[in-house]
Amino acid sequence: MHVPDVLLDVRDATRYFAVRRGLWRFGAAPTVKAVDGVSFSVESGKTFGLVGESGCGKTTTAKLILLLEAIDAGTIRFRDIDIASLDGTALRRYRKSVQAVLQDPYSSLSPRMRVGEIIGEPLRAASDFTPVSRRERVGELLTGVGLRSDAADLFPHEFSGGQRQRIAIARALATEPELIVLDEPVSALDVSIRAQVINLLSDIQERTGVAFLLIAHDLAVVKHMSHSIGVMYLGRLVETAAADELHRRPLHPYTQALLGAALPAHPDDRHQTAEIAGEVPSPLNPPSGCRFRTRCPMAMARCAETVPILADKGAGHHVACHLV
């Protein structure tokens, strides 16, 4: 029996933002429930894909893990240690173990620094690296992501978008992390080079054993890379399962619609569509009960009255839906 080696464990993570504008100066400020009780785990050497439409809370979840936002409730544990309690040496160790690759390769790299300085910057804090050994390590990282080692002497503007994202990946790998948060890593790239970067990330994982938290809105990307998938809608997880299980047996109407909207892998494959009616409701005033009910073609009266609980439906497949 497989006993998972849980690297990152997120339990009931919650992050609300109070809106402070002149319109509400004399009353209680409304609250955006960006992340509302989200739970999932990432195993060592595996990829957990977090998918959903823009504004569903995926990036805020990533910021909580990267300690760029403070958690309001719940816990995030890395190697069974609550990251909110980290400080000093333990905090530095965590930041070394958890790195990120962001969406836009054009803004994530400093235009004033040469590539060798960008990749080598995380190594400066490591006392066991001399200038010579640091440059050698930078060369190894560049060749590891499919670039020439002498690219270290160039500036980011001398590279294409796909090459810049490879540089960002090399920088993330510099500290030999256990987990890399990939926030829409290919959405800003041309379609022709997305597959190259996706395949590169898969090769890196196989070679190094690094775990990924993959955040994306494209289910085709998530399916290709992920071992497990969580589907998010308006701050909550509505379904989680192993990647193959989720695509074989999607249970939530929102997941079914996302899969229906995804393009087939091959032109001859059958493609069933399931349209999502209407617009995503405002997170300032989400619907009562099930937050997807205002767009769900199968909504019942109960859906407006009771919040569905993420329940186990067998084979590690969890869904929050009154229909199931």
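Reply: At 9% relative accessibility, Glu245 counts as buried (under 20% relative accessible area; exposed is over 50%, partly exposed in between, with a 1.4 Å probe and protein chains only). The model is predicted, so local features need pLDDT of at least 70 and side-chain atom pairs count only at pLDDT 80 or more, while totals for chains, interfaces and linings use all residues. Residues are numbered from 1 along each chain as its sequence is written, and side-chain values use heavy atoms, leaving out hydrogens and water.

Glu245 meets Arg248 in a salt bridge, at 2.6 Å from N to O (a side-chain nitrogen of Lys or Arg within 4 Å of a carboxyl oxygen of Asp or Glu). Both lie in helix H8 (residues 243-248), and being three residues apart they are separated by about one helical turn. Helices (H or I, at least four residues) and strands (E, at least two) are DSSP runs, numbered from the N terminus. Arg248 is exposed, with a relative accessible area of 62%. Elsewhere, salt bridges that share partners join Asp5, Arg79 and Glu178 into one network.

By this rule the count is 15 salt bridges. Arg15 takes part in one with Glu69, at 3.1 Å from N to O. That pair links distant parts of the chain, 54 residues apart: Arg15 is in strand S1 (residues 6-18), and Glu69 in the loop between helix H1 (58-65) and S4. Arg15 also forms a salt bridge with Asp72, whose closest N and O atoms are 3.3 Å apart. Here the separation is 57 residues, Asp72 being in the loop between H1 and S4. Arg15 is buried at 15% relative accessible area, whereas Glu69 is partly exposed at 22%, as is Asp72 at 43%.
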